[in-house]
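Subject: Structure handover and notes

Hi,

Here is the structure I promised you. Please load it before you read on.

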Amino acid sequence: MPPLRAVLITMAVVALGTTPAHATAAPSITVERGRTQPVFSYTDAVREHVYVESGVDSDSDGRPDRVRVDIIRPRESGPGLRVPVIVDESPYYDNSGRGNEAERKVYDSAGNAVKFPLFYDNYFVPRGYAVLNVDMIGTTKSDGCPDGGGRADVLGGKAVVDWLNGRAAAYRADGTPAVADWTTGKTAMIGKSYDGTLANAVAATGVEGLETIVPISAISSWYRYQRSNGVIYNYDYMSWLAKYVDTDPAAKCAAVRAGMDAEDGDDTGDYNAFWAGRDYLTGPLANASRVRAAVFAVHTVNDLNVKPDNFSTWWRALADGNVPRKIWVGQYQHVDPFDFEGRRDLWVDTLHRWFDRWLLGVENDVMREPRADVQTAPDHWITQRDWPAPFTPKIPLHPSADGSLGLAPAGRGGTAAFTDVRQSEEAMVADVGTAGPGRVAFTTGALPLDLRLSGTPVVDLRVALDRPTSNLTALLVDFGADTRVDWRRGQGISTTAEESCHGESTASDDACYRKVVTNLATRPLEIVSRGWIDVRNRESLSEPAPLPPGTYDRVRWETLPQDYVFKKGHRLALVIAGTDSTYSDEAATGANVTLDLAGSTVLLPLAGGALGSGDLPRDKSGWHGPRRLNLPVPENRFF
C-alpha cells in the first residue's frame with residue numbers, strides 16, 4: 001500500500017485538473033518534483049488575439065476603449081482542459097521593446113502574434129499555461145490614450161482579468177464575441193518597469209481572479225516616481241512618457257497630454273488629486289489595502305529610475321495587509337532578475353515554482369523558503385526571513401561642529417551653515433574635509449568593523465532659513481576604496497555573446513537569450529543613499545507651509561532605502577546640501593540654511609547589532625575625501 005502522504009498528494013493533483021507524470025491519459029498538466037512538466041507542444045500552440053472592452057473612453061471618441069490581447073495557449077486547452085494565465089501588460093511592445101534584447105511582437109498575415117517577447121511563452125506554455133501579451137490602453141494595437149498610471153491604465157488591465165473570469169466582453173477582429181472558455185480564470189501578472197507597475201495597479205483594485213503578481217522594478221506611487229517630498233525630478237514628464245509610448249499620430253491624444261501638464265502641479269511639486277489617482281498605496285481607485293494577490297516583488301537598491309522607495313513602501317503596505325509575499329533585492333540599476341549574473345537559472349526555477357504554487361495549487365517549497373534574497377556584494381547573495389533585515393535597530397548618529405559624525409550628541413549652540421545652490425552630487429561629495437559654501441559634511445573615523453545598513457535611513461534636522469523655503473539633499477557616503485557593482489555603466493551589466501535557453505523555440509520565436517556579466521568598478525567612494533525634501537513640505541505633501549525666516553523648525557524625512565555593507569576601515573559620511581542637479585530639474589532657491597547641530601541626527605538601520613562592541617570613532621585627523629569623481633548623470637527615462 002502506498003504511503004498516505006503520496007496518496008493525498010495524488011488526490012490533490014487530480015482535484016486540480018492535473019495528472020501525475022506516470023498517467024497515460026490524454027495530454028494534461030503534469031507535475032513532478034513539485035513542478036509542472038513540459039508536456040504540451042509549443043509549436044502547435046494556439047495563437048490568437050481578441051479585443052477586450054474596457055469600459056473607459058480615454059480618447060473621448062464616444063466608444064469604450066478596446067484592449068488588444070495576444071494569446072498563446074496549449075492546443076489542448078479548452079472547455080475540457082482549462083489552464084491558468086500569465087499576463088504581461090505593457091506599453092512598450094512597438095517602441096522600446098521588452099527585455100535586455102529589446103524584443104518586440106511580430107505578427108503573421110492573419111494578425112496573430114508569432115513572436116512573444118521574453119521567455120515566458122516559450123517556457124510556460126509547454127507546462128500548461130496560457131501567456132497573454134496585453135497592449136496597454138493607448139499603445140500598440142489597443143484603442144485610447146495612455147493615462148500615465150491613471151484610471152485608463154488601471155482599468156484596461158483589470159478588464160482583461162475580468163474577461164478571463166467571465167465578467168467582461170471581448171471580440172475577435174471580425175466582431176464576433178470571444179469567450180475565454182479555455183481558462184480556469186486564475187491569473188498572474190508579471191513585468192518590469194511600467195509592466196510591473198500595471199501589475200501593482202490592477203492588484204490594488206482587489207480584482208477577483210488575479211491570484212499573484214510579480215512586479216519587477218515597479219512603481220507603487222507615481223508621485224514617488226516623479227517627486228520626493230515636494231522636490232520635482234523632471235518637469236512635464238508624465239506627458240512626455242505618454243507621448244513616447246503612443247505610436248499613433250501625435251494629435252490623437254494631444255488633449256489628454258495637455259490635461260496632464262495642466263493637472264500635475266509642476267508649479268509647486270505638491271501632492272494633489274492628479275497624483276492621488278496614480279497612487280496605488282492609498283489612492284481611491286487602486287489601494288494596497290485591497291490587494292488579495294500573492295506578491296513576488298523584485299527591485300534593486302541602486303535603481304535611480306524607479307527609485308527603491310517605490311518597493312519599500314509597497315512592501316510595508318503588503319506586510320500590513322498580511323499579503324503572502326516574497327522578494328529579491330539586488331544592487332544593480334533598472335535590471336530584470338533574468339539578467340542578474342549567475343542567477344538566471346535560479347530565477348526561472350523560482351518563478352516556475354511560484355506560478356505553480358499560486359495558479360495551480362502545487363504544494364512545492366517556494367513558500368517555505370526564506371522570504372527575502374538580498375545581494376550584499378557583487379558576487380554575494382544571502383537569504384533572510386524578511387526585508388529589511390529583521391530586528392534591525394535605527395542607530396542615531398549625530399553631526400558635530402568639528403565635522404565629525406558619531407554616537408554622542410553635539411553640544412548646545414553648535415551650528416553649520418550653507419547656501420542652497422544647484423550642484424551635482426559629484427560636487428557635493430568632493431573634498432569633504434574642506435568647508436564648501438554649498439554643503440556641509442560630517443564624517444566618522446575609520447570604522448572598527450563592517451556595518452550593514454538594511455532599510456530606510458531617516459534624516460532629522462533642526463533648520464532655519466533666511467527665505468521661506470529651500471530644497472535639501474541628504475547623502476550617505478562610504479569613503480573607502482572598494483570594488484562595487486558599477487550600476488552607472490550599462491545599468492550594472494554587460495551583455496555577452498553566449499546564450500542560455502529557457503523553453504521551446506520556433507523559427508519565429510526562440511527561447512535563447514544572451515548572458516550578462518556584472519559591471520564592476522573600483523572607486524574611492526560610493527554614495528550609498530539619497531534623500532530630498534522641499535522645506536515647505538516638511539509637515540505635509542499637499543499643504544505646504546513656508547518656514548518663517550530666522551525661525552528654527554524640525555525637518556524630518558526618509559532617504560531612499562538601501563542594503564549595503566560599509567567595510568571595516570572605511571569612513572561613513574553625512575552630506576547635507578541644497579538642490580541636487582543630478583536628479584532634479586529644479587532651480588535652487590538661494591536660501592541660506594543653518595542647522596542646529598544639537599537638534600539634528602541621522603537614523604541608520606544597522607543590522608546585526610554591529611555597534612554593540614563600541615563607539616564609532618570621531619574623525620579629527622583632517623582627512624580629506626577624493627578631489628574629483630566622474631559620476632555621469634544617469635538618463636532618467638522609464639524603460
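This is a predicted model: local features need pLDDT of at least 70, side-chain atom pairs count only at pLDDT 80 or more; totals for chains, interfaces and linings use all residues.

Below are my notes, sorted by region.

Strand 6 (residues 83-90) and strand 11 (residues 183-192) run parallel, joined by four bridges. Isoleucine 86 stands opposite alanine 188 in strand 11.

How many of the residues of helix 4 are buried? The count is 10 of 10. Among them are Tyr194, Asp195, Thr197, Leu198 and Asn200.

**Strand 15 and its partners**

Strand 15 (294-300) is mostly covered, with seven of its seven residues buried. Ala294, Phe296, Val298 and Thr300 point one way. Val295, Ala297 and His299 point the other way.

Strand 15 pairs on both flanks:

- Strand 12 (210-216) runs parallel to strand 15, with three bridges between them. Isoleucine 213 stands opposite valine 295 in strand 15.
- Strand 16 (residues 325-330) also runs parallel to strand 15, with six bridges between them. The bridge partner of alanine 297 in strand 16 is isoleucine 327.

**The cavity**

A general point first: a probe the size of a water molecule, rolled over the atoms, shows where empty space is left. How many cavities of 30 Å³ or more does the count give? It comes to one. The space in the largest cavity is about 50 Å³.

Which elements each supply at least two residues of its lining? They are strand 12, strand 15 and helix 9 (309-320). The residues that line the largest cavity are:

- Asn200, Pro215, Ile216, Ser217 and Ala218
- Ala297, Val298 and His299
- Asn310, Phe311 and Trp314

By class, the lining has seven nonpolar residues, four polar and no charged. Two elements from above come back here. Asn200 lies in helix 4 and is buried there. Ala297, Val298 and His299 belong to strand 15, and they are buried too.

**Glutamate 89**

Glutamate 89 is in strand 6. Is this residue buried or exposed? Its relative accessibility is 1%, so glutamate 89 counts as buried; the cut-off is under 20%.

Its contacts, leaving out residues up to four places away in sequence, are Val134, Met136, Asp153, Gly156, Gly157, Met189, Ile190, Asp195 and Leu198. Asp195 and Leu198 are among the buried residues of helix 4. Arginine 68 is 21 residues from glutamate 89 in sequence. In space, the two are 9.9 Å apart, C-alpha to C-alpha.

Strand 25 (residues 471-485) and strand 28 are joined by 13 bridges. Valine 485 has leucine 520 as its bridge partner in strand 28.

**Backbone points to check**

Most residues other than glycine have a negative phi, and most peptide bonds are trans.

- The peptide bond from tryptophan 387 to proline 388 is cis, with omega near -5 degrees. Proline 388 lies in the loop between strand 18 and strand 19 (394-399).
- Asparagine 229 has a positive phi of about 50 degrees. It is in the loop between strand 13 (227-228) and strand 14 (231-232). Asparagine 229 is partly exposed, at a relative accessible area of 22%.
- Aspartate 431 has a positive phi near 50 degrees. Its place is the loop between helix 11 (425-429) and strand 22.

Best wishes

How values were computed
Residues are numbered from 1 along each chain as its sequence is written. Side-chain values use heavy atoms; hydrogens and water are left out. On a 1 Å grid over the protein atoms alone, a cavity is a set of points where a 1.4 Å probe fits but cannot get out, and a pocket is an open set with protein on both sides within 12 Å along at least five of seven lines; lining residues have an atom within 4 Å of a point. Grid points are joined across faces, edges and corners, and a volume is the space filled by probe spheres set on the points. Ala, Val, Leu, Ile, Met, Phe, Trp, Tyr, Cys and Pro count as nonpolar, Asp, Glu, Lys and Arg as charged, and the others, Gly among them, as polar. Two strands pair if DSSP finds at least two bridges between them. Buried means under 20% relative accessible area, exposed over 50%, partly exposed in between (1.4 Å probe, protein chains only). Contact means heavy atoms within 4.5 Å.
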